[in-house]
Amino acid sequence: MALPLKLSNVEVQNAKDIESICLELGGHKHPITRTREKSDTFSKVFHPPLTLDSALSFSTSRKKSLFTRFRRADPETVTIRPDDVLPNLLDGLEYWRVWGHVSIKLVFLPHTQPGVTIPSAGTPVPAKLGDLQPAIEQPIVNQSTSTHDAVPSANTTVPDNIPAPANRERLRPTTEDLIKQCPRFRVLVIGKSGVGKSTLINRIFGVETASVATDRPGEADIDKEYTSPQNDRLILHDSKGFEPADGGNYDTVKSFIQKRKRETDIKDQLHAVWLCFQIPIPTYGERLLEDGAETFFKMRKDVLGNTPTIVVFTKHDRLMTFMRQKRRGDPEAGQRYLQEYCIQPILDFTGDKTIAHVAVSSKPKYEQSLEGLIRLTQEMVSSSFTSPGNQVSPVPLAAAGAQRMLPTLKVDLSIDVGKQRYWRALGSSANFRGHTIQDCLGVIHTDIVTVWNFYDPCEVSVGASGSGPYCDVLTPLQYLNSEELRKMMMHMVERVDAAAESNPLVPRSETLAGNSVPLVALAPVILPLNACFVLGKWARESYQRFRGVPTKFMAYIVDLTHVLEILFSLTAGMRAKKLTRTAIKLAYKAYYQSEWMRNSHTDIRFFQCSSTARDEVLQKITSMIPSSDRETRVS
């Protein structure tokens, strides 16, 4: 006769419309409370565990809306019987019930037998591994233990064939410590009124209105930290520049820079300086450098030291328009003018032939010039702020995250972050031992999304399964870190081990041609972000060493990166706006329908490791993500 099940804890997910939940078993009621970390999740741990010897029921009361405020809301009830549970237990410990949009998880303690005891917490328990079954992306061990099972007390007996408890140490994203060291990219922008600082900041960092104090002389406060809720990876300091008859500003700028150089914490140091000068047109009576600027350049090395500094010549479009009128038929006239009237005077003052400079315009037609400024800044920041052992440095990560024009930088930093820890040795990673595959993919998901830094301030649930061991660090809550998107991505990567076939989820468009993704042709969007995907059993199995290629891990990294690339392209020109569910759905659908995904999955499915001397899986992933034809595929 089967022993009765012992219910140790319960969790109700995706319950954002529910006000209260009560579990009733054997005539006793047990209120289930909402968790602090996730507003749409209820959970309760039972001490002692409840004996499931009869049917249990969940009664819920929904939140009142504007239309139901004055109506009487009858409680909704779902009943679960022991006979429902026993045949559907996942590895003997978990039972899941989907009720509308709500997911209910019941976690049970293992049955006990005399003679075998679980030692106190912290003592490792060897698990019997059973027979090894080689297969592509099949763990050697198919037994699993949920990362959220209650830990039995000392001296509780268990049978020999129960695997060791899952690793309960939280999977911490690599980006967590990096962002803690340097949460924001700190840049000082120096320039007198009218040179176009505000527009420059708005375009590069994706903020609607840069908080530069004003374009009127005398009102900028260099010590004030300007931030924007639209981009929380940026801190801006604004200097009014070197106005005529205001030599005192040189001393102000010098004092500020030297003070920042003495800061011990890297987050408080100055990470870059942009010296902005409008390109002068002599026939308009304009001059490049005032007396204060000349003094600053002469003392540049003493003042700035190794702080990455770039001279930014603004309003390049204005020069090009002037030259087209004056020097028709001479396409090189503008560059010669720039060299003679802008670059050479500064070289003469500084005596430094290597001083960094770039000419830019904030006009859409000249977007490549802004991209040049971003690349130059990233290169100089990466050279000045390094970490030992080729590890990712917090400042270059902050700089790449803050800018919102160059997706290639975000891809490159995602790769660097992945190489540092979780992408290495994916088939036999010691980092993942004892965690579910779902949670392992979840921490990889978090790192990639964090690097991209979309403006995504929504309020939805977070966590790979609604309760991953790392999810308590994800703030603010985001669409891109939502449980729904994580499940959608896992649904996508499930297809990597299947033979190439037509997409069963979304009908293929006849307009899809080659590797391109025709975004305009994909409307209307019919895929809901909170689509109820039923994940395979593989997602909740414990991570174990793979025999063969960890294809789902590879596909998850490649697929998520490509979906974010498409999303970045979709939101170009409106990155100061909040990210929408529609944009995410459109990006997901575009990639899911494309030859790009099918070709990527085929490439992964037939990939074979030929050597154990090097990490060929990592090399394959990093070769698949950056593609020379990325722009063609995305556009």
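The model is predicted, so local features need pLDDT of at least 70 and side-chain atom pairs count only at pLDDT 80 or more, while totals for chains, interfaces and linings use all residues. Residues are numbered from 1 along each chain as its sequence is written, and side-chain values use heavy atoms, with hydrogens and water left out.

**Nonpolar cores**

A nonpolar core is here a set of buried Ala, Val, Leu, Ile, Met, Phe, Trp, Tyr and Cys residues joined through side-chain atoms within 4.5 Å; buried means under 20% relative accessible area, exposed over 50% and partly exposed in between, with a 1.4 Å probe and protein chains only. The largest such core holds 61 residues, among which Trp423, Phe432, Ile444 and Phe553 touch the most other members. Two or more residues each are given to this core by helix 11 (407–420), helix 12 (437–452), helix 13 (483–493), helix 14 (551–570), helix 15 (581–593), helix 16 (595–605) and helix 17 (616–624), where helices (H or I, at least four residues) and strands (E, at least two) are DSSP runs numbered from the N terminus. Helix 14 provides the largest share, 13 residues. A second, separate core has 41 residues, including Val195, Leu370, Met405 and Leu413.

Contact means heavy atoms within 4.5 Å. When neighbours within four places in sequence are left aside, the contacts of Trp423 include Ser414, Ile415 and Gly418, as well as Ile444, Ile448 and Ile557. Helix 11 has 14 residues and reaches 20 Å from its first C-alpha to its last, close to the expected 20 Å, the expected span being 1.5 Å times one less than the number of residues.

Strands count as paired if DSSP finds at least two bridges between them. In the order 10-11-9-12-13-14, 6 strands form an open sheet with mixed pairing. Strand 10 (226–228) and strand 14 (357–359) stand at the edges with a single partner strand each, so one side of each lacks a neighbour in the sheet. From one strand to the next the twist averages 25°; axes are lines fitted to C-alpha atoms, for helices over the stretch in contact, and angles run from 0 to 180 degrees between N-to-C directions. Strand 10 and strand 11 (residues 231–239) run antiparallel and are joined by 2 bridges, with Tyr226 opposite Leu236 in strand 11.

| Helix | Strands touched | Angle |
|---|---|---|
| Helix 8 (residues 333–350) | strand 13 (309–314) and strand 14 | about 155° with strand 13 |
| Helix 10 (residues 394–402) | strand 9 (185–190) and strand 11 | about 95° with strand 11 |

**Backbone details and cysteines**

Most residues other than glycine have a negative phi, and most peptide bonds are trans. Asn14, which is not a glycine, has a positive phi of about 60° and is found in the loop between strand 1 (5–13) and strand 2 (18–25). Ala425 also has a positive phi, near 50°; Ala425 lies in the loop between helix 11 and helix 12 and is partly exposed, with a relative accessible area of 32%. His47 and Pro48 are joined by a cis peptide bond with omega about -5°, and Pro48 is placed in strand 4 (residues 42–52).

With a disulfide taken as a pair of cysteine sulfur atoms within 2.5 Å, the count comes to 0 disulfides. Cys276 is buried at 3% relative accessibility, and Cys440 is buried with a relative accessible area of 0%.
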